[in-house]
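Hi everyone, thanks for coming along. I'd like to walk you through one structure today, so please have a look at it with me.

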Amino acid sequence: MIATPPPTREQQQARLDAAYAVCRGIAAEHGKSYFLATRLLTPDRRAAIHALYAAARVADDIVDVGADQPGRDPEGELLAWSTAALEEVEAGWSDDPVRLALVHTYRRYGIPMEHLVDFLAAMTSDLDVSGYADLAALDRYMWGSASVIGLQVLPVLGTARGVAREEAAPHAIALGEAFQLTNFLRDVAEDVDRGRVYLPADMMAAHGVTREQLAARQHTPGFTALMREMVAVTRRRYDDATPGTPMLAPESRDCVRAATDLYGGILTEIERADYRVLDGRVRVSRPRRLAVFARRLTAAQLARVRSTRAKPNSRSSTGA
């Protein structure tokens with residue numbers, strides 16, 4: 001059954017505001033580095049990014065409940081959530097707060113529906129795919145789990161005057177993949193506990209690393225060499241993404257630079273920990289996160305002022 005919006009514009013706006021607030025809370029709780037970086041965005045863009053993040057987080061959490069909460073039906077839950085999300089984007093409304101913010105963001109920014117379809121397909125594959133033969137296979141999975149995330153975000157961030165979205169798209173894809181690969185390297189232990197390994201099997205074999213060793217938290221010289229190689233692969237994705245930042249709308253660039261600094265910083269912390277990600281989650285310290293934010297804040301504020309002067313009649317709003 002398709003939900004219908006409340007009868008008055010004021011009631012609709014109240015529901016939208018509440019929905020975006022829920023998404024903001026999810027982003028603040030689960031994506032500390034991303035959330036800090038989004039504070040450099042204009043309010044309308046910030047709310048939209050929170051909506052996209054929250055929707056991805058909810059879908060991902062549904063997939064993980066099978067490992068974390070026996071007795072649940074992640075396949076059925078994900079199918080129901082996905083079906084509702086796709087129908088509601090088409091209809092323009094949802095009674096679920098996260099999906100309502102997602103619907104509003106998709107329609108407001110004209111995000112192609114196929115990005116959501118591809119993302120949900122990747123989440124569905126996590127229910128029964130537990131590993132990837134090589135980097136090419138992992139890249140195919142990341143199209144739905146990471147590349148399309150970059151493509152979803154791109155219309156929200158906007159592009160600079162004279163830059164077509166298609167020109168910036170390859171760099172948005174590369175950044176989505178870089179962030180995803182960083183997550184994979186940070187979360188090896190958590191993922192293997194859920195029965196999934198996002199390290200290419202051929203590279204594991206070349207370094208003498210087995211799934212059993214990962215599950216047993218065996219930090220071997222081969223694992224160190226494997227992680228060193230994967231960090232290099234990930235850094236090349238960041239390099240591929242870098243030319244795209246100047247293509248973005250000026251008031252969005254410092255958010256992306258901050259997110260890149262923070263997530264790229266995870267790779268540095270992995271190296272400092274001698275690649276011992278099996279011992280516990282590697283994190284960028286709070287002082288480091290705040291230092292990155294502070295360094296970008298003034299530049300972001302100046303870009304916002306210039307944008308406002310260029311468009312004196314514009315205003316930021318999450319309204320319908």
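Let me start with a question: leaving aside its neighbours within four places in sequence, which residues is His-115 in contact with? They are Tyr-106, Val-148, Leu-151 and Gln-152, where contact means heavy atoms within 4.5 Å.

Before going on, a word on what we are looking at. This is a predicted model, in which local features need pLDDT of at least 70 and side-chain atom pairs count only at pLDDT 80 or more, while totals for chains, interfaces and linings use all residues. Residues are numbered from 1 along each chain as its sequence is written, and side-chain values use heavy atoms, with hydrogens and water left out.

Back to His-115. You'll find His-115 in helix H6, residues 113-125; helices here are DSSP runs of H or I with at least four residues, numbered from the N terminus. With a relative accessibility of 10%, His-115 counts as buried. In these terms, buried is under 20% relative accessible area, exposed is over 50%, and partly exposed is in between, using a 1.4 Å probe and protein chains only.

Now to helix H1, which covers residues 9-30. The expected span is 1.5 Å times one less than the number of residues. Which residues of H1 are buried? They are Leu-16, Ala-19, Tyr-20, Cys-23, Ile-26 and Ala-27. These cover an arc of only 110° around the axis, so they sit on the same side of H1; the arc is that of the directions from the helix axis to the C-beta atoms. On the other side of H1, Glu-10 and Glu-29 are exposed.

H1 also has a partner. H1 packs with helix H5, residues 97-109, at an angle of about 105°, and their axes are 8 Å apart. Axes are lines fitted to C-alpha atoms, for helices over the stretch in contact, and angles run from 0 to 180 degrees between N-to-C directions. That angle makes H1 roughly perpendicular to H5, a label used for 65 to 115 degrees. Among the residues making the contact are Leu-16, Tyr-20 and Cys-23 of H1, together with Val-98, Leu-100 and His-104 of H5. The contact residues divide into 10 nonpolar, two polar and one charged. Here Ala, Val, Leu, Ile, Met, Phe, Trp, Tyr, Cys and Pro count as nonpolar, Asp, Glu, Lys and Arg as charged, and the others, Gly among them, as polar.

Next, helix H4, residues 74-91. Its 18 residues should span 26 Å, and its end C-alpha atoms are 25 Å apart, which agrees. The buried residues of H4 include Leu-78, Trp-81, Ala-85 and Glu-88. On the face turned away from the buried side, H4 carries the exposed residues Glu-75, Leu-79 and Glu-90. After H4 comes Gly-92, with a positive phi near 100°.

To finish, let's visit the loop between helix H13 (250-272) and helix H14 (286-310), where Asp-274 is placed. Phi of Asp-274 is near 60°, a positive value in a residue other than glycine. Tyr-275 lies in that loop too, and its phi is near 65°, also positive.

Notes
Helix = DSSP H or I, 4+ residues; strand = E, 2+ residues; numbered from the N terminus. Parallel < 35°, antiparallel > 145°, perpendicular 65-115°, else oblique.
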